[in-house]
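Keep the sequence and the model in view while reading.

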Amino acid sequence: MTTADTFRRRPLYSLARAEFRQFLRNRTLVVMGIVFPVLLPLTIFLLSRSNGVTHDSVAATFDMFALYALVFVQFYTVLSMVTTRRGEGVLKRLRTGEAADWQILAAPNVPGVTVTAASSLVVAVVVYGSGGPAPANPLLIVLGLAAGVPVFGLLALATSGFTKNAEAAQITSLPVMALAMIGMGNIRDALPDRAADIVGWTPYAAVSDLVRLGASDGTVSGTFADSAGPIATLIIWTALAIGLVYKSFRWDDRG
């Protein structure tokens with residue numbers, strides 16, 4: 001692979017555009033990408049406004065949005081699309097073209113990134129436009145989402161290695177989904193201290209911590225100081241996920 005091949009952009013653009021079209025044609029993925037991440041958190045937020053809008057309620061809203069965006073949009077969409085493409089022999093055929101391997105693997109992530117970016121703007125406008133208190137450090141909310149996207153995209157690629165078809169993805173995706181849900185801030189608060197500490201090392205827990213720090217009522221310097229642990233956790237998980245992809249990913253169903 002030459003340097004020119006590595007940094008060639010046009011194949012990635014063409015692949016990403018094709019993947020986005022396929023995403024829009026799949027009504028199940030579109031509904032999962034819009035209803036779960038946007039409507040559910042905002043509905044709960046707006047219904048609970050009568051009890052007062054606090055930093056905690058805003059943080060919980062962004063926590064729920066981040067969970068659904070990373071799990072149902074990024075993780076499940078990439079897992080489903082890549083597994084389907086491999087079953088159809090598309091991935092193997094693409095490797096005979098001009099696209100580099102990383103471009104073929106990056107393209108299925110584009111729909112999730114696009115939908116998550118647009119959805120986050122909608123959620124932020126509604127929450128803060130309806131009286132939500134200003135966040136202490138909005139950069140950490142963005143960082144949590146931006147760092148979570150590659151981690152869950154890589155976990156999807158790794159999970160696809162032992163997923164036979166799109167139907168099987170409904171089963172093989174469950175461990176990652178369940179672990180991510182346990183990592184939500186509100187759920188960890190209900191766990192025994194020891195269990196909460198262990199779950200705190202999971203990737204979504206790190207995202208949740210960053211999002212909640214960003215939406216809190218703390219100081220900018222304080223939130224940056226408290227963000228070191230979650231950021232380190234996400235860096236470790238990114239490296240682990242890359243290793244898992246190298247070890248388990250298959251370009252066709254014959255191995």
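This is a predicted model: local features need pLDDT of at least 70, side-chain atom pairs count only at pLDDT 80 or more; totals for chains, interfaces and linings use all residues.

**Salt bridges**

- Asp101 and Arg95 form a salt bridge, with 2.8 Å between the closest N and O atoms; the term means a side-chain nitrogen of Lys or Arg within 4 Å of a carboxyl oxygen of Asp or Glu.
- Asp101 counts as partly exposed because its relative accessibility is 25%, and Arg95 counts as partly exposed at 40%.
- Residues are numbered from 1 along each chain as its sequence is written, and side-chain values use heavy atoms, with hydrogens and water left out.
- The structure holds four salt bridges.
- One of them joins Asp209 to Arg188, at 2.8 Å from N to O. This pair links distant parts of the chain, since Asp209 is in helix α13 and Arg188 in helix α11 (residues 185-189), 21 residues apart.
- Helices (H or I, at least four residues) are DSSP runs, numbered from the N terminus, and strands (E, at least two) are defined likewise.
- Asp209 is partly exposed, with a relative accessible area of 25%, whereas Arg188 counts as buried at 12%.
- Arg212 forms a salt bridge with Asp63, and their closest N and O atoms are 2.9 Å apart. Arg212 lies in helix α13 (residues 203-215) and Asp63 in helix α4 (residues 55-87), so the pair ties together parts 149 residues apart in sequence.
- Both Arg212 and Asp63 are buried.

**Aromatic pairs**

- A search of the whole structure finds six aromatic pairs. In the pair of Phe36 and Phe72, the ring centres are 4.9 Å apart and the planes are at 15°, so the pair is stacked.
- Rings of Phe, Tyr and Trp (its six-membered ring) pair if their centres lie within 6.5 Å; planes under 30 degrees apart count as stacked, over 60 as edge-to-face and the rest as tilted.
- Phe36 is partly exposed, with a relative accessible area of 29%, and Phe72 counts as buried at 10%. Tyr68 and Phe72 form a tilted aromatic pair, with 5.5 Å from centre to centre and 50° between the planes.
- Tyr68 and Phe72 both lie in helix α4, four residues apart, which is about one turn of the helix.
- Tyr68 is buried, as is Phe72.
- Ring pairs link Phe36, Tyr68 and Phe72 into a cluster.

**Thr116 and its surroundings**

- Thr116 is in helix α7 (residues 109-129) and counts as buried because its relative accessibility is 5%.
- A polar atom of the Thr116 side chain lies 2.8 Å from the backbone oxygen of Gly112.
- Leaving out residues up to four places away in sequence, Thr116 touches Phe65, Ala69 and Val73; contact means heavy atoms within 4.5 Å.

- Ala225 is in helix α14 (residues 220-226) and is exposed, with a relative accessible area of 54%.
- From C-alpha to C-alpha, Ala225 and Thr54 are 23 Å apart in space, and they are 171 residues apart in sequence.
- Val35 is in helix α3 (residues 27-47) and is partly exposed, with a relative accessible area of 32%.

Key
Buried means under 20% relative accessible area, exposed over 50%, partly exposed in between (1.4 Å probe, protein chains only). A polar contact is a pair of N or O atoms within 3.5 Å; within protein, one must be able to donate a hydrogen and the other to accept it, and residues adjacent in sequence count only if both atoms are side-chain atoms.
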